[in-house]
Amino acid sequence: MTDAQFRGLLRQTRRIHGWFSAEAARLFVWIDEIQRQNGVKGGLFEIGVHHGKSAALLGALAARDGERFGACDLFEDQQANTSISGHGDRQIFESNMRRIHADSLDLRVFAKPSAELDPEEIEPIRFFHVDGGHSRDEALGDLRLASRCLVPLGVAVVDDAFRVEWPGVTEALYEFLAENPEYVAVASGFNKAVLCSRDAACMLAQEFDREDARNAKGLGYPIHLKRASFGGWEMRVFHVPAFVSEPGLVPRLRHFYRSHPVLQSVLLRPAVKAAKGVLKRS
Ligand SMILES: C[S@@+](CC[C@H](N)C(=O)[O-])C[C@H]1O[C@@H](n2cnc3c(N)ncnc32)[C@H](O)[C@@H]1O
């Protein structure tokens, strides 16, 4: 997808109600590109479409090569939405998908609880977005289903994986990784965690680690990439550090001090102490 196409899609989806940032969309597009460069083929699937904000992008990625996009939601059966995450509406969803994709998309809708999905009715998937029920049982069930549908270099992306409001999703992620040691959380950021096999993780991490590639994909400064061990893998964490996101002189100076070891020399200690005193009083 070219940058112009991406921006066009962002414009078209801006007014769709939902929970899907432009940065998360950029990450999805990048993963899609890496998969294509490595010859990974398969359908795309989403559990939890709400009004279609993320589905519109996944649909666009699927439509490029005539791949199928599967969408599952409870829609009008909201009494089954036990974790009260979002509120799907089939009419709004379908009208948004029609407006953006017209007839170019092979869309298959599953209007039922994801627990009733049978892997047999889903084709092999290369990109599976888990954004439905947010309890431990729902998210774990969805991750298990995703792992049964994924092609070898496929990815499952989980929403709200490390969010304080949704500890059940974190619990599900951790349990899933414990019972599937062949999987790792290769990356996290923009409220998403990306899970895949170790082979797929190497393929993705190699690209994520390239600063020039991050810049080219629109995920460069102020976004930083750091490594943090999670479940036995050096997860790549996309984040905006506090010294950038918190306006103000003190966080910036603190960062500058910490990232320049020369300032920590014994000789400069009195000067640093005096500067700290001034900042404390100000
Ligand atoms: C957080 S919203 C999805 C947000 C959407 N992906 C977006 O881009 O804005 C969660 C959706 O999952 C649906 N849902 C909740 N529990 C579900 C379940 N057990 N099975 C299928 N869908 C479910 C809700 O109806 C809601 O539309």
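Contact means heavy atoms within 4.5 Å. Helices are DSSP runs of H or I with at least four residues, numbered from the N terminus.

## Basis

This is a predicted model, in which local features need pLDDT of at least 70 and side-chain atom pairs count only at pLDDT 80 or more, while totals for chains, interfaces and linings use all residues. Residues are numbered from 1 along each chain as its sequence is written, and side-chain values use heavy atoms, with hydrogens and water left out.

## Helices α2 and α3

In α2 (residues 22-37), Ala-25, Phe-28, Val-29, Asp-32 and Arg-36 meet Leu-57, Leu-58 and Leu-61 of α3. By class, this contact of α2 with α3 has six nonpolar, no polar and two charged residues (Ala, Val, Leu, Ile, Met, Phe, Trp, Tyr, Cys and Pro count as nonpolar, Asp, Glu, Lys and Arg as charged, and the others, Gly among them, as polar).

The angle between α2 and α3 (residues 53-63) is about 20 degrees, and their axes are 11 Å apart. Axes are lines fitted to C-alpha atoms, for helices over the stretch in contact, and angles run from 0 to 180 degrees between N-to-C directions. α2 and α3 are therefore roughly parallel to each other (angles under 35 degrees count as roughly parallel, over 145 as roughly antiparallel, 65 to 115 as roughly perpendicular and the rest as oblique).

## Helices α2 and α7

α2 also packs with α7 (residues 198-208), at an angle of about 120 degrees and with axes 10 Å apart. α2 and α7 are therefore oblique to each other. Leu-27, Trp-30, Ile-31, Ile-34 and Gln-35 of α2 meet Met-203, Leu-204, Glu-207 and Phe-208 of α7.

Methods:
Helices (H or I, at least four residues) and strands (E, at least two) are DSSP runs, numbered from the N terminus.
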